Amino acid sequence: MDIDDILQEVDPSFHTIPQEKRDLQELTRAWVAERSAPELLPWPADGLFERINGSIKRQIEKVEEMTGDMDPKTNFALIVIQTELERFKYLVRSYLRARIAKIDKHTLHYLSTDELRGRLSDMELAYATRHQALLHNHYLSSFLASFPPALQNLNDTAGGISMIETPDLESAVFIRLLKNALVEGRGVDTDDATNMQVNDIVILRWSDAKPLVEAGSAELI
Amino acid sequence: MALPLPPGLNHSEAAFLAEMELVTVVPRQRLESIELLGGKTPPLRPLHRADLPLWLALLLKKQRRANIVPPPWLHPSSLAEIIHRETKEDPSAFSPPPPAPSRADPARPGHAHQYDTTTTTTILSPPFLPSSCTAAAPAGYLPYHWLEVAEQLLAHAGDDMAGLGGASAGEIRGLLRDLVEVRAAKMRSSAAALEGFGGGLMSLRGVGAMELAESRGFVLGVVDGVRKIGAGAEAARREREEEEMAGPGLGLEDDESDEEMGI
Amino acid sequence: MPMYGDLGNKLVQHAKRTQGLAHLPPYQTELVRAATREVRDLDKDVASLLEPFQGSFDPTADQATACTLLVNHLSMRRNKRCLLAYHRTRTDKLEELAWNGTDILELAGQQAGGTNGAPIADAGEASSLSPQEEDYFRQYGDLLAAYKGQWTDIDLTGSLEPPRDLFIDVRVLKDAGEIQTEYGAINLTKNSQFYVRQGDVERLIAQGYLQKLG
């Protein structure tokens, strides 16, 4: 008997999925989540994007090798490879740009604490830091430098109102349950808690969905 | 702006996602396995069925290199059954999604042991479930990407969709239209219910990706609106509940002093 | 004499209008200068109001002065917010143009020339960008190029529409000779049919040499 069959018997959630398929699932899930969440989500720590970027690079090289000596009419494999390549490039592009859009919108917020900075990739952190510096310089040279020194900051909180804008973490989202789980959601009149099943689709506040998503019990859709 | 799109997948993004669903093809020509970024394709032999992502199946179909096997849920009898369930059995809810599939990967029997087994915690979900839209999909249940897949199949492989059971593509289209209408009405009444909704959870089990894309902005806008309008009442409720939790002793004393004042 | 806050309101109105426009309207140099000057004047007022107290001002003892100080303080902060909002709206627009691949010369031309390259009445007029904005646009362009450069294979400024029909069937309507594609040369003779990369033949389709099928 195959070891996988045994494992599957003891734990029905166990399954082996080839690395490529797993990466595509994770890439797709990350893209949908980033397109749906009201705030920036953590950059995957397991090297997913570095791995996918490497595969894309190798695939492009393969296309270049193949194009040289093939009959354009019969080279169907090349058409398939290029079609898929465009799909991957689009996924990564849309994902990266969804992130940059969020970082641009609330740059000071995402640079404000170690936890938040930790969500950005190294490149994103470099981009955000430089972008903020450019903006601050622009404000300074346009008007801020002529202000009294006490008013030149961009992050003052005088009057109890912070000048740092933040994303609305209470925005509603749709999630799908990946595991049976207790789902808790706060409402205006009542707070609910329900045991939900795999495949259930629920509307709730992002702040309530977040722990489930982070634990891998649910995904944004 | 780096991404000029509102949050949540729109129509064309949902359709793009659906093109990754596996469907079953009957090849008309040989095609060797191709090493794709998403994994190797199975080698194709004439008349030997194989499962491929929809985008690739459509490419083969357009080139007349393969025919596509309709998923069983797209058969007229299955669609009629689902419509019956949606209108007669439970007119207020969406019909249930397909039962959770076995976690094994039937597309690669015997191949599983070749792969690293230490990091296999990824849980597959649409569009990557092994048999939502293949010939092995269950009849009578709509998978998450049902509408996008059905539309693509009818548009580009209408001749393959007809045939079985003597149905015409036109008949299937008619049933799909009915289904879209029935379910759109449910989505509208869900949205209407949300306007007076004060709870924290609303289930939409069985809803499809395209239906979400269609009404996402409106539905989430209503929920956010209800929250913002009720923010004051909610904060007051929470404060009250916290006081009650904080200890009955304190509350009791207050009551007593109130009573004393009354006397 | 104008009320405090008027200048700020005007800036915010300009910012709002800018959001709805496809192009960038002229920079309000005078308005920005006036709003900034107002802040400096208010700050001077505060300093001279506080001067007699030598650092020992007691708000409860002199409520009228306290009230004036508060109003001045809030007005300064309001002007600051309005100035920030005005400039941020414009940099957002500039960044959008950078993502769309507009370069600085194009931008200057577009601003001065209006649409469709129509003859320009005010050709002598300066760009609608302030010199600081021109700097910003250039610097942001460099930053974007640097970030893009880390993802060269992805083409980060490429289309945000999901890819569709990368390859298409075309029929040749009139002889178009030989074209070079990624796979080598294809001879386009009338009535022949090909499966080609859409990007390779878009011009020929537009020119009526080829017809897209299916």
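## Exercises on a predicted three-chain model

With 8 C-beta neighbours inside 10 Å, B:Leu47 counts as exposed (12 or fewer other C-beta atoms within 10 Å of its own; 20 or more make a residue buried, and counts in between partly exposed; C-beta atoms are placed from the backbone). The model is predicted: local features need pLDDT of at least 70, side-chain atom pairs count only at pLDDT 80 or more, and totals for chains, interfaces and linings use all residues. Residues are numbered from 1 along each chain as its sequence is written, while chains are lettered from A and ligands numbered from 1 in the order in which they are written.

**Exercise 1.** Describe the backbone at B:Leu47 and at A:Asn199.

*Solution.* 
- Step 1: take B:Leu47. Its phi is positive, near 70°, and the residue is not glycine.
- Step 2: Strands (E, at least two residues) and helices (H or I, at least four) are DSSP runs, numbered from the N terminus.
- Step 3: take A:Asn199. Its phi is about 85°, again positive in a non-glycine residue.
- Step 4: The loop lies between strand S3 (191-196) and strand S4 (201-205) of chain A.
- Step 5: check burial. A:Asn199 has 20 other C-beta atoms within 10 Å and is buried.

**Exercise 2.** Work out how helix H1 (residues 11-18) of chain B is covered.

*Solution.* 
- Step 1: count. Six of its eight residues are buried, so the helix is mostly covered.
- Step 2: name them. They are B:Glu13, B:Ala14, B:Ala15, B:Phe16, B:Leu17 and B:Ala18.
- Step 3: find the cover. It includes helix H2 (19-36) of chain A, and helix H2 (54-62), H4 and helix H6 (209-229) of chain B.

**Exercise 3.** Characterise the side of chain C that touches chain B.

*Solution.* 
- Step 1: count contacts (C-beta atoms, placed from the backbone, within 7 Å). Nine residues of chain C meet nine of chain B.
- Step 2: find the main contributor. Helix H3 (residues 63-99) of chain C gives the most, with four residues.
- Step 3: sort the chain C side. It has four nonpolar, one polar and four charged residues. Nonpolar covers Ala, Val, Leu, Ile, Met, Phe, Trp, Tyr, Cys and Pro; charged covers Asp, Glu, Lys and Arg; the others, Gly among them, are polar.

Definitions and conventions
Two residues are in contact if their C-beta atoms, placed from the backbone, lie within 7 Å.
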